[in-house]
Amino acid sequence: MQPRNEQPQIRVDRVGAEQVPVVVVEHFSPDPDRLIAEAETLDFSVMGEFYPGIRALVTPAYFEGLNAVLGPVMREVFGAQERIGFNRALYSLAITPPAELTLAQRIPHIDTVEEGRIAILHYLSRAPHGGTAFYRHRSTGFETIDAARHRPYLNALRADFGAEGEPLPAYIQGDTTIFEQTARYDAVFNRALIYPSNLLHCAILPDPAALARDVHKGRLTVASFLTIC
């Protein structure tokens, strides 16, 4: 159990050629074991077609004690001036076997093309379950996909699949012929990554056989999505 006197430790990295900020926060939650206990009481289910696993909505108690970190980060790193709003937050357990992954789940993705959207990925697993990596699309050079880039990116990606073939059913591990990894972060217990939602990223899952539905043994995370202006 994490000592209650652990204070958040924050650093800001600039990843890739586009130098996009990724904020790394150690000891993100003041009481991560309470969050795991809460997750144990929830009903997880498939939500949407993109996440390779099951999810459950967090309760408002999840955000207790986080404002002291999030307020300064959103203002000083991401330029929030007027408003910081939470759109949704989800406990997540990755459980999908590689053979069952859809094409969209085998490649890096973004969460949205909309401006002012920020993602937070909070690791709550003590077991070694890989981490998260960020990517550059080789043929366009794009690392972020905004509304103006979205259609050119999709067209280029379709051409890539035509020339290179679609990736085999597997979780992406590092560089491929279509994507180049620009940074990676381990899934350290109670670490959070905060980054723009339009930054290409994907989970690192080196041992899919170890994925489990148990919140104590599986790859438990919380994915939060914010809007700033």
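Guide: Here is a short chat about some labels and the values behind them.

Guide: This is a predicted model, where local features need pLDDT of at least 70, side-chain atom pairs count only at pLDDT 80 or more, and totals for chains, interfaces and linings use all residues. Residues are numbered from 1 along each chain as its sequence is written, and side-chain values use heavy atoms, with hydrogens and water left out.

Visitor: Why is Cys 202 called buried?

Guide: Buried means under 20% relative accessible area, exposed means over 50%, and partly exposed is in between (1.4 Å probe, protein chains only). Cys 202 has 6% relative accessibility, so it counts as buried.

Visitor: And what makes Cys 229 partly exposed?

Guide: Cys 229 comes in at 43%, so partly exposed is its label.

Visitor: Where is Thr 140?

Guide: Thr 140 sits in the loop between strand S6 (131–137) and helix H3 (147–164). Helices (H or I, at least four residues) and strands (E, at least two) are DSSP runs, numbered from the N terminus.

Visitor: What makes strands S3 and S4 a pair?

Guide: Pairing takes at least two bridges found by DSSP, and S3 (residues 53–57) and S4 (residues 84–94) are joined by five, running antiparallel. Leu 57, for one, has Leu 90 in S4 as its bridge partner.
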